[in-house]
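Here are my notes on this model, point by point. Have it open in your viewer while you read.

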Amino acid sequence: MMKSRYIKFFSYLVLFVSIFTATYGALLDSDSGLVIISPNSEEYKKECAMWNAKIKARPAAVLLCSNNEHVKEALLWAKTHGKEVRIRSNRHSYEGLSTADDAAVIDVSSIKLIELSADKKTVKVGAGNNIYSVCQELWKHKLAIPLGSCPTVGVVGLAIGGGIGLSSRLMGLSCDNVTEIEMVDCNGNLIRANRVDYPDLFWACCGAGNGNFGVITSITFKTHPVSKVIVYNIEWQWKHIYDVSEKWFVLLKSAPKELMTFLRFTKRNSQKTLRSFGQFFGTEKELRILLKPLLEISSDAIVTIEECSYMQSVNKWAGVGPEGVSVISNAKSFKATSLYLKDDLPKEAIRIIDDYYSQPAIKDNFTVLDSYGGVINEVGKDFNAFSHRDCIASMQTLAYWEDDEDAGQQLEWSRNYYKDIASYGEGAYANYSDLELEDWEHAYYGDHWEALVSIKKKYDPENFFHHPQSVFFLNAV
Ligand SMILES: Cc1cc2nc3c(=O)[nH]c(=O)nc-3n(C[C@H](O)[C@H](O)[C@H](O)COP(=O)(O)OP(=O)(O)OC[C@H]3O[C@@H](n4cnc5c(N)ncnc54)[C@H](O)[C@@H]3O)c2cc1C
């Protein structure tokens, strides 16, 4: 009698624990150290925050992984609980492709290793590192890898989608400098992909790896020696927009690969500004010669040209103050569009920019042209999955808002502007995800799309890893 009561009690206990675990399992951390954040957890709100404040997804759980074993366990957790997976490193996806309502977010931001090889020619970077931490660590050895300028962006998230920054025309994109990718695939297998082992997967992950083929836990990059650079910034009155744009394109098309140059049109607090800035690996004298046509446009331009260490330049562009870099999310919401240019923007296109930035209602918007060319284009069209190798520049536009009531107006501005300017370029940058983009498959990946689909079929035949703009194929198993 006693025995059957015990059995009954024990079975109820098991049932309760299993229901509790299925429902609230996210409250529990596993023995291995995998941290599972559930909606009931105190940290849940913080763990849901994304850089773009408009992303308000509420995942079923955020699984904080510190190593490959945790990632395997997290994948199993998602399968056992029947949850879709999203892969996340440093939360900068413009459209929040690294999170989703009711998904299991596999977060690898705690994988912080940065290991320089004995000969210092390569560095293995864990998926949790942001741009700033990698730059700082490498600078101790007077080394660098080409990365973007925003300090908080994830190095892995950046590199697997391309990675453009101030050193890219000289050193290539971040993805061009990858020598090995370590990932956990859909079956929980650890794969090390490089040009010899799994070369097709390696090719695909260098330029089209974002949330597509597996959870990347580290990337090994080729390093480059760095010391000093010259940085410049020129700011003109808006009335010079036509002259500046024309001369900037001339500079861009003739510039040596040592120069990375940007042109930016901004409107903030009813103030329109026009500026060009960049970084040069050479001497101040050489740079002044290259910039002469721009410097001659107007005597009232505000000009700064200065020599600094490579790390001072990183700090400058990152806007890093004494408090360092700690921001996980931005308080603002934004919508972005992007476009690649194969030739100069003609006067009619500059007129469109002028008109849109002269609309009185817009508050916090900018368009930036990043120079391409140099080593970015020299590596050749099929070097890896990044497909924009014959462009002279990319054009990115962002419209920000803080109050939800401004969202409609900013979104409308963004849509109309893109509609009017899009015919002057083609394609789009996968790292600047845009859910309103038509035929995003070819806009992001050009004629590499078909190869990517085959590689997806081979390595993820059940389309286990997916998000609204992941590589897909019809009738996935
Ligand atoms: C403020 C800001 C500045 C930026 N500056 C630049 C710049 O200068 N140059 C540039 O090229 N880009 C820039 N970007 C774009 C940036 O490169 C992409 O948003 C990049 O994907 C961010 O990576 P993340 O890890 O921070 O973001 P996440 O939101 O964590 O991830 C972004 C995408 O990558 C996937 N992903 C993340 N980690 C992994 C992983 N470990 N394995 C597989 N898939 C993964 C996600 O699923 C998602 O699709 C900027 C973005 C922002 C918001």
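1. Start with the open sheet: 7 strands in the order 15-12-14-13-17-18-16, with antiparallel pairing. Strands here are DSSP E runs of at least two residues, helices are H or I runs of at least four, and both are numbered from the N terminus. Two strands count as paired if DSSP finds at least two bridges between them. At the edges sit strand 15 (302–309) and strand 16 (333–341), each pairing on one side only. On average, neighbouring strands of this sheet are turned by 15° against each other, ignoring direction.

2. Before you go further: this is a predicted model, where local features need pLDDT of at least 70 and side-chain atom pairs count only at pLDDT 80 or more, while totals for chains, interfaces and linings use all residues. Residues are numbered from 1 along each chain as its sequence is written, and side-chain values use heavy atoms, leaving out hydrogens and water.

3. Inside that sheet, have a look at strand 13 (residues 259–268) and strand 17 (residues 364–371), which run antiparallel and are joined by 7 bridges.

4. Which strands does helix 8 lie across? Helix 8 (residues 241–254) lies across strand 12 (228–236), strand 13, strand 14 (271–280), strand 16, strand 17 and strand 18 (393–401), and runs at about 160° to strand 13. Helix 13 (residues 407–421) lies across strand 16, strand 17 and strand 18, at about 160° to strand 18. The angles run from 0 to 180 degrees between N-to-C directions, with axes fitted to C-alpha atoms, for helices over the stretch in contact; contact means heavy atoms within 4.5 Å.

5. Helix 11 (residues 347–357) has as its buried residues Ala-349, Ile-350, Ile-352, Ile-353, Asp-354, Tyr-356 and Tyr-357. Buried means under 20% relative accessible area, with a 1.4 Å probe and protein chains only. Their cover includes helix 8, strand 13, strand 14, strand 17, strand 18 and helix 13.

6. Now the ligand. It is surrounded by 34 residues, the closest being Ile-87, Ser-89, Ser-98, Ile-216 and Tyr-429; a residue is near a molecule if one of its heavy atoms lies within 4 Å of it. A backbone N or O atom of Ser-93 lies 2.9 Å from a ligand oxygen atom. On the nitrogen side, a backbone N or O atom of Ile-164 is 2.8 Å from a nitrogen atom of the ligand, and a polar backbone atom of Ile-216 is 2.7 Å from a nitrogen atom of the ligand. The protein covers 94% of the 950 Å² of accessible area that the ligand has on its own. Strand 3 (85–88), helix 5 (155–159) and strand 10 (215–222) are the elements giving two or more residues to the shell, and helix 5 gives the most, with 3 residues.

7. Strand 4 (residues 104–107) is covered on both faces: Ala-104 and Ile-106 on one side and Val-105 and Asp-107 on the other are all buried. Strand 2 (residues 61–64) runs parallel to strand 4 and is joined to it by 4 bridges, with Val-62 opposite Val-105. Strand 3 also pairs with strand 4 in the parallel sense, over 4 bridges, and Arg-88 has Asp-107 as its bridge partner.

8. Last one: Ser-174, in the loop between helix 6 (168–171) and strand 8 (178–184). Ser-174 is buried, with a relative accessible area of 0%. Beyond its neighbours within four places in sequence, Ser-174 is in contact with Pro-146, Leu-147, Leu-158, Ala-159, Gly-162, Gly-163 and Phe-221.

Conventions: Buried means under 20% relative accessible area, exposed over 50%, partly exposed in between (1.4 Å probe, protein chains only). A polar contact is a pair of N or O atoms within 3.5 Å; within protein, one must be able to donate a hydrogen and the other to accept it, and residues adjacent in sequence count only if both atoms are side-chain atoms. Accessible areas come from the Shrake-Rupley method with a 1.4 Å probe; for residues, only the protein chains shown count as cover.
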